[in-house]
Amino acid sequence: MMQSVQMGSILQKRSTGLTEQQWITLLEELEKNNLYLVIESDNPCVTKSPIGGFIPVASKTDRFSLCSREDLKEKGLPEGHYIFNLKESPDKLVFNHDKS
């Protein structure tokens, strides 16, 4: 689970469109509306996160989802922003896009 400041730092490294502060502001606005960013990556390569630990390397096939508090709770996750490596995440942590 990541707070907006932590996720903003990571996203600034993954993209060139927004500054770290712009990402933080965006994520804080999402949180005010009980929405959280979940990134799913199937890239098996990992990189060191600016906040410590390792995260999947950015990939063209990354999938971004906005999840409500209820969506996260349904998957057994506490409120927060996430980056998952789909090849290594336990099934219960993988966010399912298909609600059918």
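A: Let's start with a word we'll need: a residue counts as exposed when its relative accessible area is over 50%, as buried when that area is under 20%, and as partly exposed in between. Keep in mind that this is a predicted model.

Now to the charges. Side chains of opposite charge can pair when their charged atoms come close. This structure holds three such salt bridges, so let's visit them in turn, with a salt bridge here needing a side-chain nitrogen of Lys or Arg within 4 Å of a carboxyl oxygen of Asp or Glu.

Begin in helix α2, which covers residues 20-32. Here the side chains of K32 and E29 meet, N to O, at 3.2 Å. The two sit three residues apart, which is about one turn of the helix. How open is each partner? K32 has 62% relative accessibility, so it counts as exposed. E29 comes in at 39%, so that one is partly exposed.

Next, look at R63 and E40, whose closest N and O atoms are 3.9 Å apart. This pair links distant parts of the chain: R63 belongs to strand β4 (residues 63-68), E40 belongs to strand β1 (residues 35-41), and 23 residues separate them. R63 is partly exposed, with a relative accessible area of 28%.

The remaining bridge joins E79 and R69, with 2.6 Å between the closest N and O atoms. E79 sits in the loop between α3 (69-74) and β5 (82-85), while R69 is in helix α3, so the pair ties together parts that are 10 residues apart in sequence. E79 is partly exposed at 36% relative accessibility, and R69 is partly exposed at 32%.

On to the rings. There is one aromatic pair in the structure. Its members are Y82 and F84, with ring centres 5.4 Å apart and planes at 15 degrees, so the pair is stacked. Y82 has a relative accessible area of 7%, so it is buried. F84 is buried as well, also with a relative accessible area of 7%.

Conventions: Residues numbered from 1 in each chain as written. Predicted model: local features only at pLDDT ≥ 70, side-chain atom pairs only at ≥ 80, totals over all residues. Heavy atoms only, no water. Helix = DSSP H or I, 4+ residues; strand = E, 2+ residues; numbered from the N terminus. Buried < 20%, exposed > 50% of the residue type's maximum accessible area, 1.4 Å probe, protein only. Phe/Tyr/Trp six-rings, centres within 6.5 Å; stacked < 30°, edge-to-face > 60°.
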